[in-house]
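Please work through the exercises below with the sequence and the 3D structure at hand, and try each task before reading its solution.

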Amino acid sequence: MTQDEVLSMFKQSGALLEGHFVLTSGLHSDRYLQCALVLERPEQAAALGAALAARLREIGEAPDFVIAPALGGILVAHEVARAAGVRALFAERQDGALTLRRGFRIRPGEKAFVVEDVVTTGGSTRETMAVVTGAGGIVVAAGSLIDRSGGKTDLGVPRTALAVLDVPTYAAEECPLCKAGSRAIKPGSRS
Ligand code: ZN
């Protein structure tokens, strides 16, 4: 899948909105991502997972498992793992820290792809990588459906994304869209 094909699938699903938005952080932006909406259709999730698995194999050795941070990454890990023919694990927060629960096990020396839906700063990917290495596993590559950092985030391992976006965000008082007279909306709200 090309970046254009990926982004058009996102737009048609309502997973990538263009306009004028207030993000959860309070910052304003001209684009808004809600990956759950593109993954809502299992056949789209499978196609994106297969495409990401292929990209990851170009930059890393064959993995023993795929792992993601919950909740946003779970379906991505599942579909990448399906395409790669390996296990799909997820790490989840307990007392604020990502951890393996539910009997998931990583054996020393096992190789992992760490995936996510969207990478912005890479914080939760990094935390998931630490879960893998903390258990004696090896992270061979990291990937996401979308890289919202414009390719700038460095994770210290080979990294890929199906689409790279450079989405500027603005404090409300500096927002050029506000200055042009438009009013920001909060996605998901009805107003
Ligand atoms: Zn604004």
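**Exercise 1.** Decide whether His20 and His28 are buried or exposed, and then find which protein atoms are the donors of the zinc ion.

*Solution.* Both His20 and His28 are buried, where buried means under 20% relative accessible area and exposed over 50%, computed with a 1.4 Å probe on protein chains only. This is a predicted model, in which local features need pLDDT of at least 70 and side-chain atom pairs pLDDT 80 or more, while totals for chains, interfaces and linings use all residues. Residues are numbered from 1 along each chain as its sequence is written, and side-chain values use heavy atoms, without hydrogens and water. The zinc ion has as protein donors (N, O and S atoms within 2.8 Å of the metal, or 3.2 Å for Na, K and Ca) His20 through NE2, His28 through ND1, and Cys175 and Cys178 through SG, at 2.0 to 2.4 Å. Along the chain, these donors follow the spacing H-x7-H-x146-C-x2-C.

**Exercise 2.** Find the strand residue that is the bridge partner of His28, and place the strands in their sheet.

*Solution.* The bridge partner of His28 is Tyr170 in S9; strands are DSSP runs of E with at least two residues, numbered from the N terminus. Strand S2 (residues 28-33) runs antiparallel to S9 and is joined to S9 by 2 bridges, and two strands pair if DSSP finds at least two bridges between them. The open sheet has 3 strands in the order S1-S2-S9, with antiparallel pairing. Strands S1 (16-22) and S9 (169-170) stand at the edges with a single partner strand each, so one side of each is left without a neighbour in the sheet.

Methods: Helices (H or I, at least four residues) and strands (E, at least two) are DSSP runs, numbered from the N terminus.
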